[in-house]
Amino acid sequence: MTGTKLLPGQASLPTPNSTNSFWHSQPSKILLGHRTTESLPTEADLVIVGSGLSGTSAAHFLREDEAGKNLKVVMLEAREACWGATGRNGGHCQPFIYGNPPDVGAFEMRNYQHIKTFIATNNIPCDWRTLRVAHAYMDSAMFQRSLAIFQSFLKEDPSYSDLVSVITPESSNPSLADLRIPTAAGAFLQKHAASVWPYKLVAWMLERLLDTNENGALNFNLQTNTAVTHLQKSSDGSWIVHTPRGMIAAKKVLLTTNAYTSHLLPEFSDLIVPVRGEMSSLIPPPTMKPGNDENPPFEISYGFIGNGRQNRHQDDYLIQRPYSKDNSTGGELMFGGGRSYAAKAGLGVSDDSSIDEPSAEYLRREITVVVDIKSEEKELKASYEWSGIMGYSRDDRPWVGELTEELGLGGGKGLFVCAGFTGHGMPNTCLSGKAAVDLMLGKKSEEVDLPESYCLSKERLAKARVLDEVHIVDAKG
């Protein structure tokens, strides 16, 4: 399905030498370089391409389902396990309630609650911290526009008022200053959010899946550093998955390839566009320590919209990592964004082997502007700076389902996709992966927990292609 020359807008394969993400600073000894079998299997019931939260969640839910627990699954990852967007993201899980239609907001809340409960039940060591989230609008016109949208959703579903509070310059208890965003034009304060070490969550899940092989049955086979280069439909209805190490025949294939989907399916080039984002791990000011009432650590997850020359699509985001028990380590300020300062705002870039230096400089400097951090330095120092590739969807919604031939996307029966999370994967990928599994196991779409706007259909495809392309929408703001 793919040739050697990329089409306009088509993503490359993941680059072999990516920038160093903070989240990869403590890699799993089990997963690093892992190949469950020395040689690539020649056949499988299901091949999952990608080992981020989408693909790993799909494999997990497959094992939890009676109809899928004994299927032979091979997971292929172009680099190390969880080395793509999940292992390079902002480290937060923020359901987007105030700006989403009620069905989408509710789905994101279910996803958030599932992850929270799953981590607590299994005592997963991934630094999950339940927080509130404040989306601070630095531009008054943008705030008023979002406020109007929220008020329209509030009329449709009054229960939104239980989840979200509107904070204006006139508000008190809390005020904008209380939230440490005194220069904001307004904010939306939401009860439910979290910070998390995403790589450690996925690593725990993958290690648990590998543990199911202990009784001699190799039902889950993880092959890292094995890029999928080509998909081929076989005459018997199965799929041939091509890699540099050989081929696998599979009854079904699930692409959890997010930004890289169009490399295998060029017809997706205008539907899911790779966008490079910038992240940093900033060293907090020395005065910011637990117990310091004048400058305590942040207990809120933040989003910043409309700062400087950035439009509403080019938001910044911040969480603070927990400190160690003796306060000697930790506390890193995980600050991402600054995309408007990157060349072409990172649009169409699928190479994360370098950072966007202007964006990185913006992050080091601007954190002292957007939030009250009481730093004597105008620019913080970074312990890590890295880039990651997001998959921006043309209609702003993920694409989940079977790529039947009638869609004209280069697929066929037995080929499924779960991709296009537009930089908002943590409150979507887990249950989207479950939905993909439910569909693969034969459930009807109306029986699957998935917003209608996420489902693959000819009607959705037609509507999406009438919309402006991603780079036009992004520029408009």
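I'll start with the aromatic rings, then move to charges over rings and the cavity search.

Quick ground rules: this is a predicted model, where local features need pLDDT of at least 70, side-chain atom pairs count only at pLDDT 80 or more, and totals for chains, interfaces and linings use all residues. Residues are numbered from 1 along each chain as its sequence is written, and side-chain values use heavy atoms, with hydrogens and water left out.

So, rings. The structure has 22 aromatic pairs, meaning Phe, Tyr or Trp rings (six-membered ring for Trp) with centres within 6.5 Å; planes under 30 degrees apart are stacked, over 60 edge-to-face, the rest tilted. Take Y137 and F143: the centres are 5.9 Å apart and the planes at 55°, so that pair is tilted. Y137 is buried at 4% relative accessibility (buried is under 20% relative accessible area, 1.4 Å probe, protein chains only), and F143 is buried at 2%.

Y341 and Y362 are stacked, because their centres are 4.7 Å apart and their planes at 25°. Y362 is buried too, at 1% relative accessibility. And ring pairs join F96, Y98, Y137, F143, F150, F153, Y160 and F188 into a cluster.

Now charges over rings (NZ of Lys or CZ of Arg within 6 Å of the ring centre and within 35 degrees of the ring normal). K200 lies over the face of W197, 4.0 Å from the ring centre, and the charged end of K434 sits over the F61 ring, 5.8 Å from its centre.

K434 comes back in the lining of the largest cavity, along with L431, A435, D438 and D449. A cavity here is a set of points on a 1 Å grid over the protein atoms alone where a 1.4 Å probe fits but cannot get out, and lining residues have an atom within 4 Å of a point.

Technical notes:
On a 1 Å grid over the protein atoms alone, a cavity is a set of points where a 1.4 Å probe fits but cannot get out, and a pocket is an open set with protein on both sides within 12 Å along at least five of seven lines; lining residues have an atom within 4 Å of a point. Buried means under 20% relative accessible area, exposed over 50%, partly exposed in between (1.4 Å probe, protein chains only).
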